[in-house]
Amino acid sequence: MKRAGRLHAPELEAIAAPPRSRSPEHPAVIELRAPTPGIFVPAIAQGDLVTTGGVIGELVVLGRAITLVAPRATGASAASAASGASGIAIQLAPTAHAVGYGDVLVTLDPSLSIAASARNEDPTAAPSAVDGQVFRAPTSGRFYGRSAPDKPPFVAEGAQLAHGTTICLLEVMKTFHRVTYGGPDLPATARVVRVLVADGDDVNAGDPLLALE
């Protein structure tokens, strides 16, 4: 019960400011802003793809860590919300720092993510997106690569996997399922080349989670 409580950590959505153009020669960018004052601890780096609902970091407010995510697309406003919360991070403070309400946390360029979004939406493109062997999600759910925001990841690049190694937690209907390595189509041991999804990402059954060798 104690661990489950940490997994259901408090969560806030960043504020997506309306798109603004950097200059006539450059496309509009999106600014994700702080929803409350605190210490912002980034969980992404410059050049990372940020998607709606994806974790961008933590806000530490009065000593309490709150998971901060990009705004989610819901209902009839899905199209407009998606355009206001997805893109490649082009500007981001690399270290923890104090922020006030409405301060810019990360600047996104949505034009850079068009190709990536097209690959994600096209099921025929998924197999070719990752070369070599992959570990796939056994079921749909929300991906968590660590037991709590302040805990180390279950697996990282270079990690050696054996039968029973914990890969992640998948949240399905508010219940967390531990996913472990193994399966008839996988070798007895493997090395993680790359983790293909970020904490808080929603995945479908069969989606690649890890690139292996």
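**Salt bridges, cores and sheets**

Modeller: Arginine 33 forms a salt bridge with glutamate 31, and their closest N and O atoms lie 2.5 Å apart. This is a predicted model, in which local features need pLDDT of at least 70 and side-chain atom pairs count only at pLDDT 80 or more, while totals for chains, interfaces and linings use all residues. Residues are numbered from 1 along each chain as its sequence is written, and side-chain values use heavy atoms, with hydrogens and water left out.

Colleague: Why is the contact between arginine 33 and glutamate 31 called a salt bridge?

Modeller: The term requires a side-chain nitrogen of Lys or Arg within 4 Å of a carboxyl oxygen of Asp or Glu; the closest N and O atoms of arginine 33 and glutamate 31 are 2.5 Å apart, so the pair meets the definition. A search of the whole structure finds four salt bridges.

Colleague: What makes glutamate 31 buried, and why is arginine 33 called partly exposed?

Modeller: Buried means under 20% relative accessible area, exposed over 50%, and partly exposed in between, with a 1.4 Å probe and protein chains only. Glutamate 31 has 9% and is therefore buried, whereas arginine 33, at 26%, is partly exposed.

Colleague: How do you know that the pair of arginine 142 and aspartate 202 links distant parts of the chain?

Modeller: Arginine 142 belongs to strand 13 (residues 141-144) and aspartate 202 to strand 18 (residues 202-203), 60 residues apart, and their salt bridge has its closest N and O atoms 2.9 Å apart. Strands here are DSSP runs (E, at least two residues), numbered from the N terminus. Arginine 142 counts as buried because its relative accessibility is 18%, whereas aspartate 202, at 55%, is exposed.

Colleague: What makes a set of residues a nonpolar core?

Modeller: The members must be buried Ala, Val, Leu, Ile, Met, Phe, Trp, Tyr or Cys residues, joined through side-chain atoms within 4.5 Å. The largest such core has 18 residues, and among those that touch the most other members are Phe135, Leu161, Tyr181 and Leu212. Strand 15 (166-172), strand 17 (189-195) and strand 19 (208-212) each supply at least two residues of this core. A second, separate core of 17 residues includes Ala34, Val50, Leu68 and Val99.

Colleague: Why are strand 1 and strand 10 said to stand at the edges?

Modeller: They belong to an open sheet of five strands, in the order 1-8-7-5-10 with mixed pairing. Strand 1 (11-13) and strand 10 (97-99) each have a single partner strand, so one side of each is left without a neighbour in the sheet.

Terms used. Helix = DSSP H or I, 4+ residues; strand = E, 2+ residues; numbered from the N terminus. Pairing = 2+ DSSP bridges.
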